[in-house]
Amino acid sequence: MKITAALCALSALLIPASAMAVTPADGDVFARSTARTYLSDPLPKATLDTLTAAAFSAPTAVNQRSLEFVWVTDKAVMKNLKAASPFASALSTAPAVLVICANLKDTRIEDLVQFDAGAAAEAVLAEAGHLGLHSVPMSLAPVKSRITASQKALGLPADVIPEIMVAVGKVPADAVSGASAFRHNPARIHSNTWKKKNRND
Ligand SMILES: Cc1cc2nc3c(=O)[nH]c(=O)nc-3n(C[C@H](O)[C@H](O)[C@H](O)COP(=O)(O)O)c2cc1C
């Protein structure tokens with residue numbers, strides 16, 4: 001802990017304020033780490049339960065709470081789900097993926113349900129980082145063909161819409177492709193009112 005604090009203090013001295021140095025010690029959201037290739041180690045049920053609890057903890061518009069969560073760990077189901085999106089390469093190796101769906105029967109404001117699903121996905125991504133796991137979100141909605149194919153893969157009723165899925169697992173040391181911690185961009189920060197910025201600053 002002391003070493004982490006010392007590294008943070010050192011980076012604050014070395015990195016200009018505009019670069020906004022952050023580390024996982026600043027919060028779970030900065031511990032998120034993207035991977036699309038995973039080790040085959042299955043995740044314990046307790047880990048999946050904790051990640052599901054994180055998804056449930058996310059806010060929803062008008063507190064509509066219409067999301068349904070489907071964990072996929074079965075290889076045959078995973079293969080069919082992977083075929084639903086051309087950008088789901090992570091499902092070739094991921095030991096688990098959480099498919100976040102909107103149950104339209106319980107949804108009061110349909111235009112906002114994708115925001116609900118996105119908030120739940122981010123909570124899972126942050127919790128995965130907190131647990132030392134790696135992850136990647138993969139959208140299904142609003143592309144009709146991906147929704148239909150993933151509904152078929154999961155055996156979902158027509159009014160349960162798969163919105164986004166989050167693959168989670170452990171990774172080989174060299175497989176991490178990115179992390180949220182270093183995306184800070186002062187050129188996209190505005191104070192009170194819009195001011196045109198020179199993007200080459
Ligand atoms: C709404 C959304 C949809 C995404 N869909 C996919 C996807 O289908 N496949 C994929 O591999 N990554 C997907 N991603 C992950 C992004 O590609 C990734 O976040 C981006 O490349 C930046 O990397 P980083 O998250 O490590 O900073 C998605 C991310 C978001 C927020």
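User: What covers the buried residues of α5?
Analyst: The model is a predicted one. In it, the elements covering the buried residues of α5 include the strands β2 (67-72), β3 (96-103), β4 (134-139) and β5 (160-169), together with the helix α3 (75-82).
User: And which residues of α5 are buried?
Analyst: Helix α5 spans residues 144-154, and its buried residues are R146, I147, S150, Q151, A153 and L154.
User: Where do they sit around the helix axis?
Analyst: Viewed down the axis of α5, the buried residues fall within an arc of 160°, so they line one face of the helix.
User: What about the other side of α5?
Analyst: There, K144, S145 and K152 are exposed.
User: Which residue just after α5 has a positive phi?
Analyst: That is G155, which takes a phi of about 65° just after the helix.
User: New topic. How many salt bridges are there?
Analyst: The count comes to one. The side chains of K45 and D49 form the salt bridge, with a distance of 2.9 Å from N to O.
User: Where do K45 and D49 lie?
Analyst: Both lie in helix α2, which covers residues 45-57. They are four residues apart, which is about one turn of the helix.
User: Is K45 buried or exposed?
Analyst: K45 counts as exposed because its relative accessibility is 58%, and the cut-off for exposed is over 50%.
User: And how does D49 count?
Analyst: D49 is partly exposed, as its relative accessible area is 38%.

How values were computed:
Residues are numbered from 1 along each chain as its sequence is written. This is a predicted model: local features need pLDDT of at least 70, side-chain atom pairs count only at pLDDT 80 or more; totals for chains, interfaces and linings use all residues. Side-chain values use heavy atoms; hydrogens and water are left out. A salt bridge is a side-chain nitrogen of Lys or Arg within 4 Å of a carboxyl oxygen of Asp or Glu. Helices (H or I, at least four residues) and strands (E, at least two) are DSSP runs, numbered from the N terminus. Buried means under 20% relative accessible area, exposed over 50%, partly exposed in between (1.4 Å probe, protein chains only). The arc is that of the directions from the helix axis to the C-beta atoms. Contact means heavy atoms within 4.5 Å.
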